[in-house]
Amino acid sequence: MDSIAHYISEALGSSAFEITAALLAFAYLALAIRRSLWCWLCALISTVMYIIVMARSGLVMDTLLQLYYLIMAIYGYLEWRRGQDGGGELKIVTWRWRQHAVAISIVMALTALNAFALQKLAPFISSFSVQMGLGYVQIVRSPWLDSFVTWGSVLTTWMVARRVLENWLYWIVVDGIAAGLY
């Protein structure tokens, strides 16, 4: 008897492995909304799986982003444990407009630098991937979008770990662009 994951993957055109990673990512989100520390375990496992998916897809920056998520899953767990009040409730913070302006400016500057570097390094990375037996990796598929999704996600994940309320607004923008990229 075939599994439910098999039928879902057939319908979506994704592997059972990717579906499992996505379900764990969804569990992370649902648990984070409930302010449960268990969200970080789901994030850790999903991230390990997505490292493999992104590396196979040739999205270098997204692969590196997944490595960052791996570190942030551990940091987020520790930060959320530290950020609880005496009753075990997670303390949430908000940012002033200046903090948002600085954060957005940094993301945009890093996006520009990163996209330029990806375009310049594309021939080297593609050649290296062939030499390592990984096949040809199309590194410059979308350097600007790939870079923005990466740096936007770096900031926004850090905001989640630091318990910044407005992180969800950033995720809407970053995930909307990521959906088009993927």
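In which helix is Ala43 found? Ala43 belongs to helix H3, and this residue is the subject of one of the views described below. The model is predicted.

**Figure 1. Overall architecture of the predicted chain.** The chain contains seven helices and zero strands. Read from the N terminus, the order of elements is α-α-α-α-α-α-α. The chain has 182 residues, and 38% of them count as buried. Helices that are named in the views below include H2 (16–33), H3 (39–57), H4 (60–82), H6 (143–161) and H7 (167–181). Helix H5 spans residues 97–131.

Figure 2. Ala43 is part of helix H3. Its relative accessible area is 11%, and Ala43 is classed as buried because this value is under 20%. Along the chain, Ala43 and Tyr69 are 26 residues apart. The distance between the C-alpha atoms of Ala43 and Tyr69 is 7.8 Å.

**Figure 3. The largest pocket and its lining.** The volume of the largest pocket is about 1300 Å³. Two or more lining residues are contributed by each of helices H2, H3, H4, H6 and H7. Sorted by class, the lining of this pocket holds 31 nonpolar, seven polar and six charged residues.

**Figure 4. The network of salt bridges around Glu79.** Three salt bridges are found in a search of the whole structure. Glu79, Arg82, Arg162 and Arg163 are joined in a network of such contacts. Glu79 has a relative accessibility of 4%, and is therefore classed as buried, the limit being under 20%. The panels that follow present the partners of Glu79 in turn.

Glu79 and Arg82 within helix H4. A salt bridge connects Glu79 with Arg82, with 2.8 Å between the closest N and O atoms. Both residues lie in helix H4, where they are three residues apart, about one turn of the helix. Arg82 has a relative accessible area of 56% and is exposed, whereas Glu79 is buried.

Glu79 and Arg162. Glu79 also forms a salt bridge with Arg162, in which the closest N and O atoms are 3.4 Å apart. This pair links distant parts of the chain, 83 residues apart: Glu79 is in helix H4 and Arg162 in the loop between H6 and H7. Arg162 is partly exposed, at a relative accessible area of 29%.

Glu79 and Arg163. The side chains of Glu79 and Arg163 meet in a salt bridge of 2.6 Å, N to O. Here too, distant parts of the chain are linked, with Glu79 in helix H4 and Arg163 in the loop between H6 and H7, 84 residues apart. Both Glu79 and Arg163 are buried. For Arg163 the relative accessibility is 11%; the residue counts as buried because this figure is under 20%.

Figure 5. Arg35 is located in the loop between H2 and H3. Its phi is near 60°, a positive value in a residue other than glycine. Arg35 is partly exposed, with a relative accessibility of 37%. Arg163, in the loop between H6 and H7, has a positive phi of about 70° although it is not a glycine. In contrast to the partly exposed Arg35, Arg163 is buried.

Figure 6. Ile92, Leu165, Trp168, Leu169 and Ile172 make a nonpolar surface patch of about 490 Å². Ile92 is situated in the loop between H4 and helix H5. The relative accessible area of Ile92 is 36%, and the residue is partly exposed.

Terms used
Residues numbered from 1 in each chain as written. Predicted model: local features only at pLDDT ≥ 70, side-chain atom pairs only at ≥ 80, totals over all residues. Heavy atoms only, no water. 1 Å grid on protein atoms, 1.4 Å probe; cavity = no way out; pocket = protein on both sides within 12 Å on 5 of 7 lines; lining within 4 Å. Points joined across faces, edges and corners; volume = space filled by probe spheres on them. Helix = DSSP H or I, 4+ residues; strand = E, 2+ residues; numbered from the N terminus. Nonpolar A, V, L, I, M, F, W, Y, C, P; charged D, E, K, R; others polar. Patch = residues over 30% accessible without salt bridge, like charges linked within 9 Å, V, L, I, M, F, W, Y side chains within 5 Å. Areas by Shrake-Rupley, 256 points an atom, 1.4 Å probe, with all protein chains shown as cover. Salt bridge = Lys/Arg side-chain N within 4 Å of Asp/Glu carboxyl O. Buried < 20%, exposed > 50% of the residue type's maximum accessible area, 1.4 Å probe, protein only.
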